[in-house]
Amino acid sequence: MKTISLIGSTGSIGKQTLDVCRKHGIRVNALAAKSNITLLETQAREFSPEIVCIFEEKHYAELKERLSDTKIKVLCGMDGLCEIASSGKHDLFVNSVVGMVGLLPTLTAIDAGTDIALANKETLVAGGKLVMSSAAKKGVKIFPIDSEHSAIFQCLQGNKREQLRKIILTASGGPFFGKKKSELKNVTVEQALNHPNWSMGNKITIDSATLMNKGLEFIEAHWLFGVAPENIEIVVNRESVLHSAVEFADHSVIGQLGVPDMKIPIQYALLYPERFKCDVKSLSFTDYGTLTFANPDFETFDCLSSCIDAIKRGGAYPCIVNAANEEAVGLFLKREIPFLGIGNIVRAALEHFGEMPAETYSYIIAAENAAREFVKENYTKIK
Ligand code: MG
């Protein structure tokens with residue numbers, strides 16, 4: 001049976017990853033979390049990893065004290081995440097942290113020649129070119145955990161990549177589907193956090209309400225599957241039952257369907273290529289009766305257009321829109337900007353910067369920092 005290391009273990013994907021490990025007897029070599037030491041301690045006592053890491057260094061002493069009766073090595077910070085990524089004591093490195101912080105551990109795992117199960121979309125959005133070329137050089141496989149990319153990955157099994165014509169990336173449309181900008185002016189944090197189909201962490205739930213999430217996934221799909229932006233189509237499936245589809249040269253379309261539950265893509269990434277029983281409901285078409293499809297509204301959900309423009313422009317633009325969005329979502333959650341301010345900030349950042357390179361980690365970080373600074377200095381004027 002496999003051994004994994006998991007960073008981001010106390011988040012939504014992390015907890016479900018451990019459910020899959022528990023069910024299928026997958027060993028856990030290392031666990032890492034941002035700040036939730038109570039849950040991290042509980043997880044550590046259950047799974048007995050060799051290493052745990054707490055990202056926020058202020059919690060390090062307390063976590064070390066709490067685990068002092070065990071043999072578990074306690075680490076902290078980015079150094080800790082990278083020590084886990086490079087340890088080599090696992091078959092699979094599972095990255096489910098939120099945000100740009102996931103990029104360096106991913107690159108470190110690739111350097112160590114370790115296959116990766118990736119839920120951290122910012123890794124590919126900001127560093128797609130670097131990550132994919134490094135992975136190819138090292139022969140490292142990247143298994144997507146995101147439901148859409150897992151669907152595409154599943155649809156491609158047994159088919160030839162060069163015969164792939166188009167990716168059909170599905171979107172739920174989020175809680176504000178069908179609304180126009182004039183109706184979204186006064187959206188509250190609580191309304192934006194109320195997603196109709198998926199239960200997720202705060203950052204990604206806001207990203208789903210603005211459709212930024214779909215924009216990030218568009219960029220991610222481009223890098224993961226080597227498909228040009230012109231050949232990726234976004235379609236809204238309100239029920240989140242069709243998780244994405246692919247069209248081949250002969251116009252045959254293959255889709256992956258199932259109930260909206262992240263355990264299916266997580267388990268597929270962890271156990272690939274095996275398919276064992278998964279603790280989710282079986283899909284009943286007649287329960288749904290109808291599946292509906294629609295085009296996304298690019299004007300209202302302008303984060304989506306900004307992301308597509310960013311990947312078409314190339315270079316560091318995807319990194320810039322991603323970093324600007326992280327800042328903007330933080331400001332919205334602190335109630336410092338209105339909901340529509342997020343899209344305005346992302347677009348302003350995209351238009352503000354000239355071309356910047358993104359071939360190395362330091363270039364990517366420079367672009368990220370520049371975008372964050374731009375938002376911090378200008379958001380009161382943009383909102
Ligand atoms: Mg997704």
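**Salt bridges, cavities and a magnesium site**

User: Which residue has a side chain that meets that of K263 in a salt bridge?

Analyst: The K263 side chain meets its partner at 3.8 Å, N to O (a salt bridge is a side-chain nitrogen of Lys or Arg within 4 Å of a carboxyl oxygen of Asp or Glu). This is a predicted model, in which local features need pLDDT of at least 70 and side-chain atom pairs count only at pLDDT 80 or more, while totals for chains, interfaces and linings use all residues. Residues are numbered from 1 along each chain as its sequence is written, and side-chain values use heavy atoms, with hydrogens and water left out. The partner of K263 in this salt bridge is D19.

User: How many residues apart in sequence are the parts that K263 and D19 tie together?

Analyst: K263 belongs to helix α11, while D19 belongs to helix α1 (residues 12-24); helices (H or I, at least four residues) and strands (E, at least two) are DSSP runs, numbered from the N terminus. The pair therefore ties together parts whose separation in sequence, in residues, is 244.

User: Is K263 buried or exposed?

Analyst: The cut-offs are under 20% relative accessible area for buried, over 50% for exposed, and partly exposed in between (1.4 Å probe, protein chains only). D19, at 29%, is partly exposed. K263 has a relative accessible area of 16%, so K263 is buried.

User: What is the N to O distance in the salt bridge of E83 and K73?

Analyst: Relative accessibility is 32% for E83, which counts as partly exposed, and 42% for K73, also partly exposed. The side chains of E83 and K73 meet in a salt bridge with an N to O distance of 2.7 Å. This pair links distant parts of the chain, helix α4 (residues 77-85) for E83 and strand β4 (residues 73-76) for K73, 10 residues apart. Back to the distance asked for: N to O, the bridge spans 2.7 Å.

User: Which helix holds both E368 and R372?

Analyst: E368 and R372 form a salt bridge, with their closest N and O atoms 2.8 Å apart. E368 is buried at a relative accessible area of 8%, and R372 is buried at 14%. Because the two are four residues apart in their helix, about one helical turn separates them. That helix, residues 361-382, is α16.

User: How many salt bridges does a search of the whole structure find?

Analyst: Some salt bridges are linked in a network, made up of E41, R45, E62, R66 and D69. For the whole structure, the number of salt bridges found is 30.

User: Which element gives the largest share of the lining of the largest cavity?

Analyst: On a 1 Å grid over the protein atoms alone, a cavity is a set of points where a 1.4 Å probe fits but cannot get out, and lining residues have an atom within 4 Å of a point. The largest cavity has a volume of about 80 Å³, volume being the space filled by probe spheres set on the points, which are joined across faces, edges and corners. Two elements give two or more residues to its lining, α13 (302-313) and α15 (339-352). The largest share, five residues, comes from α15.

User: Between which domains does the largest cavity lie?

Analyst: Its lining includes K181, L184, D302 and F339. Both domains in question give residues to this lining, so the largest cavity lies between them; domain bounds come from an automatic or database domain assignment. They are domain 2 (146-261 + 282-302) and domain 3 (314-383).

User: Which element gives the most to the lining of the second largest cavity?

Analyst: The second largest cavity has a volume of about 50 Å³. Among its lining residues are S147, S150, W198 and P265. Two or more residues come from each of α7 (147-156) and α11 (263-271). The most, three residues, is given by α7.

User: Which residues coordinate the magnesium ion?

Analyst: Donors are N, O and S atoms within 2.8 Å of the metal (3.2 Å for Na, K and Ca), and sites may look incomplete because water is not among the atoms. Here the donors follow the spacing D-x1-E-x68-E along the chain. D146 is buried at 9% relative accessibility, and E148 is buried at 8%. At 2.1 to 2.2 Å, the coordinating residues are D146 (OD), E148 (OE) and E217 (OE).

Conventions:
1 Å grid on protein atoms, 1.4 Å probe; cavity = no way out; pocket = protein on both sides within 12 Å on 5 of 7 lines; lining within 4 Å.
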